[in-house]
Amino acid sequence: MELDNRKIKILQAVVRNYLETGEPVGSRTISKYTDLNLSSATIRNEMADLEEMGYIIQPHTSAGRIPSDKGYRLYVDQMMEAKEREVEEIKEILLEKEDKLDNLLKQAAKVLAVNTNYTSMITAPRYHHNKLKFIQLSKVDVNHLLAVIVTEGNVIKNHMLETSELLDDETMLKLNILLNTHLNGLSMEEINLATIATMKSQAGIHQDIIGDVLDAVAQAIHSDEDLEIYTSGANNIFKYPELADNEHAGELIHTFEEKAPLNELAITGLSSEETGIRVYIGDEAPVESLKDCSVVTATYDLGEGMRGTIGVVGPKRMDYDKVVGTLKNMMNQLDSLYKKER
């Protein structure tokens, strides 16, 4: 008997519905969850075939069906294959787009520095309210599991989790299904206590693993590493006597060469819901080495949750009107330039 596309869609609907409810699934319920527009009678016949093929089972007479281990296996294998295919199909496009964006942001930093006569910085965009795309748990040894977490933009994070027992293949399979069914497409803000409680209840004695995975997801989504920062115009510092002495100039040049101290400035903007102009004067600056300067920043938005920080650093007597105007103009242009590059 052939497992055709219609049977596969019905099996997927059975698995998803059973994972959501924990109750045997009937043909009438399935008719609401598929796009096949089939009658309950036709679906009953297809489900009978799936049962005969060993993909679903009927726990007791007159009840609906639940997935068998064979059905779970097919569901997960197809899900994994689809995810891998999706990543492969867009990998080259992503690399090309990232290269164009990299050049665009470097040029934007140069334009800011030239137009203002100050020092400029701009970060590569990060996903705001980053969402989870996929989780894969794998056994490493008797005491460790590897959690591979894929977030928007196909950013991949690996986390090693400790466990007190060696989990069998069936348990690993069901944990992977449980995690992906409940978490795919959600941001951390959308993973509420009810969702967590449901997952832990369904995980039973393995609920601690669910908690560990959620911690790993939070770390992956909120991680501040790999924040790319582009700078330009550091030598403009020497145009202003109050910043040009050896001590001040050396510290400022080091800040813009190392870039790491600028992370806090960039993250401060990205953590805000607002995308307007922010002005820090002297001690207001969140970076110690910039306490003798004025810093004007803004958060640019490329759409689809992609946001970054753009800023200008200069003396306290900077031309604020010109800097604010230039930043606003750059914010407006970045989105259209990015879409044109794509």
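Predicted model: local features only at pLDDT ≥ 70, side-chain atom pairs only at ≥ 80, totals over all residues.
Biologist: Which residues is K322 in contact with, once its neighbours within four places in sequence are left aside?

Modeller: K322 is in contact with N115 and T116.

Biologist: Which residues have the most contacts inside the largest nonpolar core?

Modeller: The general idea comes first. In soluble globular proteins, nonpolar side chains tend to be buried together. In the present case, the largest nonpolar core has 25 residues, and those with the most contacts inside it are I10, L11, V14, I30, M47, Y75 and I177. Two or more residues of this core are supplied by each of α1 (5-21), α3 (40-52), α4 (69-116) and α5 (169-183).

Biologist: Taking I177 from that group, which residues is it in contact with beyond its neighbours within four places in sequence?

Modeller: The contacts of I177 are with L19, Y72, Y75 and V76. Y75 is itself among the core residues with the most contacts.

Biologist: At what angle do α1 and α3 pack?

Modeller: Two packed helices are described by the angle between their axes and the distance between the axes. For α1 and α3, the angle is about 85 degrees and the axes are 10 Å apart. The two helices are therefore roughly perpendicular to each other, since angles of 65 to 115 degrees fall in that class. On the α1 side the contact is made by R6, K7, I10, L11 and V14, and on the α3 side by T42, I43, E46, M47, D49 and L50. Sorted by class, this contact has six nonpolar, one polar and four charged residues.

Biologist: K7 is part of that contact. Is K7 buried or exposed?

Modeller: K7, a residue of helix α1, is buried, because its relative accessible area is 7% and the limit for this class is under 20%. Not counting residues up to four places away in sequence, K7 touches M1, E2, E46, D49, L50 and M53. K7 and L50 are 43 residues apart along the chain, and their C-alpha atoms are separated by 7.2 Å.

Biologist: How does α5 pack with α6, in angle and in the distance between axes?

Modeller: Helix α6 covers residues 193-203, and α5 packs with it at an angle of about 165 degrees, the axes being 11 Å apart. The pair is therefore roughly antiparallel, as angles over 145 degrees are classed in this way. The crossing of α5 past α6 is right-handed. In this contact L175, L178, L179, H182 and L183 of α5 meet T195, T198, M199, Q202 and A203 of α6. By class, it has six nonpolar, four polar and no charged residues.

Biologist: Where is T195 found, and how far apart in space are T195 and L183?

Modeller: T195 is found in helix α6, and it counts as buried because its relative accessibility is 17%. From C-alpha to C-alpha, T195 and L183 are 8.6 Å apart, with a separation of twelve residues in sequence.

Biologist: What is the phi of N117?

Modeller: N117 has a positive phi of about 65 degrees, although it is not a glycine. Its place is in the loop between α4 and β3. With a relative accessible area of 33%, N117 is partly exposed.

Key. Residues numbered from 1 in each chain as written. Heavy atoms only, no water. Core = buried A, V, L, I, M, F, W, Y, C linked by side-chain atoms within 4.5 Å. Buried < 20%, exposed > 50% of the residue type's maximum accessible area, 1.4 Å probe, protein only. Helix = DSSP H or I, 4+ residues; strand = E, 2+ residues; numbered from the N terminus. Contact = heavy atoms within 4.5 Å. Axes fitted to C-alpha atoms, helices over the stretch in contact; angles between N-to-C directions. Parallel < 35°, antiparallel > 145°, perpendicular 65-115°, else oblique. Left-handed = near helix turned anticlockwise from the far one by under 90°. Nonpolar A, V, L, I, M, F, W, Y, C, P; charged D, E, K, R; others polar.
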